[in-house]
Amino acid sequence: MLALVILPEKEEKKAGPLLSSKQKKFLKGLGHSLSPVVAVGKEGLSEKMVTATELELSRHELIKVKIGKSSPASKQETAEVLSIGSESSLVQIIGNTILLYKKNPKLDKDKQIRIP
């Protein structure tokens with residue numbers, strides 16, 4: 001079952017910058033101890049889900065998204081929609097968990113993640 005989300009056409013959104021394998025490895029290490037802050041459930045992907053992802057990325061820069069068993073969207077589809085919708089970089093998909101990163105220059109310097 002395919003569940004696509006049509007994002008509003010305010011402007012053309014793109015996924016965040018591509019990360020090198022060294023950067024991904026660094027972020028995976030940081031993300032290992034994180035708990036999921038966004039959960040995709042039976043309602044699937046919606047504009048609210050993209051907005052929640054953007055909000056959490058602005059707070060934390062690196063987040064985990066958990067895809068529930070009842071979600072109608074596949075994990076690849078969910079990762080693509082959320083990364084493009086939030087303009088973040090996809091770091092990793094492992095099991096039913098997605099790791100996303102988006103730099104936020106407005107955060108305090110000591111809370112920002114400095115990737116190599």
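## Fold

The protein chain of this predicted model holds three helices and four strands. Read from the N terminus, its elements follow the order α-β-α-β-α-β-β.

Take the contacts between residues at least 6 apart in sequence: 73% of them join residues at least 24 apart.

## Nonpolar cores

The largest nonpolar core has 15 residues. Val40, Leu45, Ile63, Val65, Leu82, Ile98 and Leu100 have the most contacts inside it. Five elements each supply at least two residues of this core: strands S1 (36-40), S2 (62-67) and S4 (97-101), plus helices H2 (47-60) and H3 (75-86). A second core is separate and has seven residues, including Leu19, Leu27, Leu62 and Ile113.

## Burial and surface

The protein chain has 116 residues, and 38% of them count as buried. The chain exposes about 7,400 Å². Carbon and sulfur atoms supply 55% of that area.

## Pro105

Pro105 sits in the segment after S4. Is Pro105 buried or exposed? Pro105 counts as exposed because its relative accessibility is 63%, and the cut-off for exposed is over 50%.

Glu61 is 44 residues away from Pro105 in sequence, with a C-alpha to C-alpha distance of 9.7 Å.

Conventions
Residues are numbered from 1 along each chain as its sequence is written. This is a predicted model: local features need pLDDT of at least 70, side-chain atom pairs count only at pLDDT 80 or more; totals for chains, interfaces and linings use all residues. Side-chain values use heavy atoms; hydrogens and water are left out. A nonpolar core is a set of buried Ala, Val, Leu, Ile, Met, Phe, Trp, Tyr and Cys residues joined through side-chain atoms within 4.5 Å. Buried means under 20% relative accessible area, exposed over 50%, partly exposed in between (1.4 Å probe, protein chains only). Contact means heavy atoms within 4.5 Å. Accessible areas come from the Shrake-Rupley method with a 1.4 Å probe; for residues, only the protein chains shown count as cover.
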